[in-house]
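This briefing sets out the fold of a single chain, grouped by topic. The sequence and structure are shown first.

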Amino acid sequence: MAARMNQTETVALAEVMPPAPAIAQTGGQALGGGAIAVLIFAVLITIWGVNALVQICDPNKILIISGRRYRRADGQTMGYRVIYGGRTFRIPILETVKTMDLTTMPVPIEVTNAYSKGGTPLDIQAIANVKIARDETLVGNAIERFLGRGRDEISRVARETLEGNLRGVVATLTPEQLNEDRLEFAERIASDVRNDLVKLGLQLDTLKIQSVADRVDYLNSIGRRQIATVVKDAEIAESNAVAEAEQIEADSTRQAEVAQTQARTVIQEKENELRRITAEVEKQARIEEERTQAAAEEARARAQRELQAIRANLEQARLEVEKVLPARAQQRAQEFQARGAAATLEENAKASAQASQMLVKVWQDTGVNASELFLVQQLEMVLQEAGRIPNRLHLDKVNVIDNGDGKAIASLLSAYPEMVKQFLRQSEAILGIPLAASPIPPEQPPTPLNLPKTDAP
């Protein structure tokens, strides 16, 4: 970057400076090329110096810088220092830098004729993953033992250590324990080898037992015995399971039958209950229907009675209007007419009496001339009434039986003048004035023959 800046400044100066003569221009170019070379050299020197001073550590590695005395944080003085990732500076010539890889190293383990508890030789294959410990308290052991050595050497040391501990653990376990519980076997190996690996500055990440075998067919016999036992147990378990299943099936069948019987019983009870309820409902419905019909009939009868009563009242009212009231009105009218007629008659009688009294008084005052005057006044009226008498007699058919003397028809014809004479005699008797020329015979008791016949009013 600095060289680029210097080059930029040089170019800028070249652009600013005025053009020079040819000789001077050639010398200037030579000087410029030397300056650039010097600058490039300085840059390279700088890069080399920085590269030599700065040391970068990968995350999976450690840097061991040695060459001086170093004091740790706990006050301990050591001849090296360890860098775990990142970068650091070193002093060229005075300090040296070495790296160690912290990645995992697979270590295959194969042990033959490892005698187990009981003296049975076993062949064991396992795989372990080992790495250099990153702990500051342990990494010093690995630096002291493996710095500058390859990973194969570290793996070999770890494998031999693991094989030795594996043989020791195998000696404490029976082949059955080794074969049945390989996880515990691996944990015991890891637990035993951990201290040894710590001393080496190594760390065991995983350990897996791949196979356990023997050359005397002990494990196979154990396996066959176990297989036979397992098969026997399986057969027993199968038999028990079958018996239990059959028992369960029988129980289930019995329970199902009982449940079906109970269900049918419940269904029958429910059906009976339903029929009873249906019958009660139908009965209640019929009762309600009959009651409704009776109520309807009663209401209809009541309505009929009320209708008849209304009709009777209407008929009575109609009769009252058409017959009674007119009759009463007519009766009242007749009464009023009768009263009017009676009043008229009464007034007439009073007037007649008063007139008679006045006539009597006049007669008394005037003497005989008064009666003659009254006679003259009433004569015309009497004669008119006497002339109407023959008209009042109506004879439709008269059968005359003659006695043989021929006087029957003459006697019938003389009946009309006789009736006029009778009327005149009665008027004379009433008025006391002689109206006819013949003297008035003495009054005889009335007989059916001499009674005057008058028309109905």
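Of the 457 residues in the chain, 19% are buried (under 20% relative accessible area with a 1.4 Å probe and protein chains only; over 50% is exposed, and partly exposed lies in between). The model is predicted, so local features need pLDDT of at least 70 and side-chain atom pairs count only at pLDDT 80 or more, whereas totals for chains, interfaces and linings use all residues. Residues are numbered from 1 along each chain as its sequence is written, and side-chain values use heavy atoms, with hydrogens and water left out.

**Overall make-up**

- The chain contains 10 helices and six strands, taken as DSSP runs numbered from the N terminus (helices: H or I, at least four residues; strands: E, at least two).
- Among contacts (heavy atoms within 4.5 Å) with a separation of 6 or more, 67% join residues 24 or more positions apart.

**Sheet E2-E1-E3**

- An open sheet is formed by three strands in the order E2-E1-E3, with antiparallel pairing; two strands pair if DSSP finds at least two bridges between them.
- Strand E2 (77–89) and strand E3 (96–101) each have a single partner strand and stand at the edges, so one side of each lacks a neighbour in the sheet.
- On average, neighbouring strands of this sheet are turned by 35° against each other, direction ignored.
- Strand E1 (residues 54–71) pairs with E2 over 11 bridges in the antiparallel sense, and Ile64 has Val82 in E2 as its bridge partner.

- Strand E4 (residues 105–115) is paired with E5 in the antiparallel sense over nine bridges; Pro106 stands opposite Asn129 in E5, and Tyr115 has Pro121 in E5 as its bridge partner.
- The hairpin of E4 and E5 has five residues between the strands, and Gly118 there takes a positive phi near 105°.
- E5 is joined to strand E6 (residues 202–213) by 10 bridges, the two running antiparallel; here Lys131 stands opposite Gln203 in E6.
- Strand E5 (residues 121–132) is largely enclosed by the rest of the structure, because nine of its 12 residues are buried.

**Helix packing**

- Helix H3 (residues 136–146) lies across E1, E2 and E3 and runs at about 105° to E2; axes are lines fitted to C-alpha atoms, for helices over the stretch in contact, and angles run from 0 to 180 degrees between N-to-C directions.
- H3 packs against helix H6 (residues 182–200) at an angle of about 65°, with the axes 6 Å apart.
- H3 is therefore roughly perpendicular to H6 (65 to 115 degrees; under 35 is roughly parallel, over 145 roughly antiparallel and the rest oblique).
- On the H3 side, Leu138, Asn141, Ala142, Arg145 and Phe146 meet Val198, Lys199 and Leu200 in H6.

**Nonpolar cores**

- The largest nonpolar core has 44 residues, of which Ile109, Phe185, Leu202 and Leu204 touch the most other members; such a core is a set of buried Ala, Val, Leu, Ile, Met, Phe, Trp, Tyr and Cys residues joined through side-chain atoms within 4.5 Å.
- A second, separate core of five residues includes Cys57, Leu63, Ile65 and Tyr70.
- Leaving out residues up to four places away in sequence, Leu202 touches Val130, Lys131, Ile132, Ala133, Phe146, Ile154, Ala158 and Leu197.
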